[in-house]
Amino acid sequence: MTLLDPAAARAGQVETKTMNTATGPKPTNVRYGVLALIALGTVINYLDRTLLSVAAPTMTKDLGIDAATMGLVFSAFSWTYALAQIPGGVFLDRFGVRLTYFLSVGLWSMFTVLQGFATGLGSLLGFRLGLGAAEAPCFPANSRVLVSWFPQRERARANSVYTVGMYFGIAFLSPLLFWITARFGWRVLFMGVGALGLIFAAVWLRFYRDPDKSAAVNQAELDHIAAGGGVSSYAQTTFSWKDVGYLLRQRQILGASFGQFATNATLVFFLTWFPTYLMTERNMSWLKVGFYAVLPFIAASVGALVGGQVSDALVRRSGSANLGRKLPIVGGLLMSSTIALAAFIRSDALVIAVMSVAFFGQGMSNLGWTLISDVAPKSLVGLTAGLFNFCTNLAGIVTPIVIGFVVAKTGSFFGGLAFIGVMALLGALSYTFAVGDVRRLPDPAR
């Protein structure tokens with residue numbers, strides 16, 4: 001059995017001691033099945049929000065939408081996604097993961113299906129706004145699952161596994177998605193993937209339980225989770241603006257939120273404008289885009305896994321959560337800043353290599369979700385994650401509009417790529433100097 005050293009815990013560090021458990025029952029591994037569930041949910045989540053980037057080149061022609069307007073459509077998802085983060089976190093703290101995730105998946109899948117019925121700009125915008133609001137509780141729920149089911153020294157690896165789902169759908173399904181669009185049209189694409197999400201919602205409701213309500217987990221696994229700083233049960237928390245004020249006064253949360261905003265700017269480019277960039281700026285054919293678009297997403301998947309492994313290894317060996325969490329994030333953001341170099345390169349193959357390096361770095365820097373789960377007050381995990389994701393996804397509003405405006409005014413992606421590179425550098429500075437100690441914050445006084 002693994003025990004957390006109390007002195008190390010008070011210092012915000014992790015140290016483990018091993019005891020002989022030969023005479024007791026072996027811990028079950030139910031938490032890995034739970035991790036598989038949220039990883040699959042994240043794959044579907046990101047498939048649904050990124051289908052528009054696959055459909056955009058043909059949809060813009062069918063619906064008569066220009067580049068600047070398409071930037072607004074890309075951005076519309078993040079308007080409601082960001083605004084619904086705090087309400088979604090409050091709902092999560094009040095009603096728990098199981099119900100919140102089920103309702104979120106069911107609603108966002110319905111809005112995905114409805115996008116296949118869009119007849120113009122108005123209906124498309126409406127469905128994208130609905131999709132954003134419905135998806136808002138997903139990542140706060142993922143964060144709470146990590147805190148509930150995993151000890152601290154396993155969280156970065158667990159985070160990296162489900163984070164791969166952000167890239168997996170596009171990385172490995174892009175050829176299929178582009179083929180479906182070319183063969184059957186973009187409307188069938190939205191309807192089919194939306195139906196898949198509705199099926200998953202039913203699977204989630206059937207199988208997910210919190211640790212203290214699971215019939216499959218044994219006491220040895222619960223003890224293992226609790227000894228490593230896991231929080232297996234929560235009291236229902238009512239919303240208070242004082243709690244929001246308390247969180248906004250914590251440098252760990254403000255610094256991580258701005259840093260994650262910067263991280264998300266790179267992600268949003270690849271989820272929205274990247275296929276259009278390859279077709280218009282690089283003059284690639286449809287099939288060539290389908291092939292080249294896969295490579296950076298594969299790199300990002302590898303980056304997420306590498307970041308998780310490196311982070312947990314650093315925490316174990318150094319005993320410092322500061323070093324273990326911050327170093328991979330800052331290194332990843334510095335790698336992401338190299339995306340600006342693509343504007344000066346003529347070779348398509350070299351451009352894809354640069355893009356792959358930048359997206360690999362973005363995959364590493366997504367460990368911000370692990371960091372925020374390490375510092376969130378126990379009674380405000382949902383609200384903290386919602387506030388964090390609200391700030392993060394302001395980048396989802398700003399980035400598509402900035403790039404769309406730049407392309408419409410200049411006919412080039414040069415300014416957009418420079419914007420993303422600068423944001424990555426600022427994010428690295430924020431995680432380095434603004435975040436401070438990586439330690440769990442105390443609950444606010446009631």
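## Aromatic pairs

The count of aromatic pairs comes to 21 in this predicted model. One of them joins Tyr277 and Phe413, whose ring centres lie 5.1 Å apart with their planes at 80°; because planes over 60 degrees apart count as edge-to-face, this pair belongs to that class. Tyr277 is part of helix H13 (residues 274-280), while Phe413 stands in the loop between helix H20 (394-410) and helix H21 (414-434), so the contact ties together parts that are 136 residues apart in sequence. Tyr277 and Phe413 are both buried.

Another edge-to-face pair is made by Phe297 and Phe359, with 5.0 Å from centre to centre and 85° between the planes. Phe297 belongs to helix H15 (residues 294-318) and Phe359 to helix H17 (residues 348-365), so this pair ties together parts that are 62 residues apart in sequence. Phe297 and Phe359 are buried as well.

## An aromatic cluster

Which residues form one aromatic cluster? The members are Phe74, Phe269, Phe270, Trp273, Phe274, Tyr277, Phe297, Phe359 and Phe413. The residues of both pairs described above, Tyr277 with Phe413 and Phe297 with Phe359, are therefore found in this cluster.

## Charges over rings

Arginine side chains also meet aromatic rings. The charged end of Arg94 sits over the ring of Phe95, at 5.1 Å from the ring centre. Arg206 is placed over the face of Phe207, 4.9 Å from the centre of that ring.

## The largest cavity

Rolling a probe the size of a water molecule over the atoms shows where empty space is left. In this model, the count comes to 4 cavities of 30 Å³ or more. The largest cavity has a volume of about 140 Å³. It is lined by 14 residues, of which Arg49, Phe77, Ser78, Val268 and Leu271 are the closest to its centre.

Helix H2 (30-63), helix H3 (67-83) and helix H12 (251-272) each supply at least two residues of this lining. H12 gives the most, with 5 residues. By class, the lining of the largest cavity has 6 nonpolar, 6 polar and 2 charged residues.

## The second largest cavity

The second largest cavity has a volume of about 100 Å³. Among its 15 lining residues, those closest to the centre are Tyr46, Asn264, Trp369, Asn389 and Thr392. At least two lining residues come from each of H2, H12 and helix H19 (381-392), and H12 gives the most, with 4 residues. The lining of the second largest cavity divides into 6 nonpolar, 8 polar and 1 charged residues.

Definitions and conventions: Residues numbered from 1 in each chain as written. Predicted model: local features only at pLDDT ≥ 70, side-chain atom pairs only at ≥ 80, totals over all residues. Heavy atoms only, no water. Phe/Tyr/Trp six-rings, centres within 6.5 Å; stacked < 30°, edge-to-face > 60°. Buried < 20%, exposed > 50% of the residue type's maximum accessible area, 1.4 Å probe, protein only. Lys NZ or Arg CZ within 6 Å of the ring centre and 35° of its normal. 1 Å grid on protein atoms, 1.4 Å probe; cavity = no way out; pocket = protein on both sides within 12 Å on 5 of 7 lines; lining within 4 Å. Points joined across faces, edges and corners; volume = space filled by probe spheres on them. Nonpolar A, V, L, I, M, F, W, Y, C, P; charged D, E, K, R; others polar.
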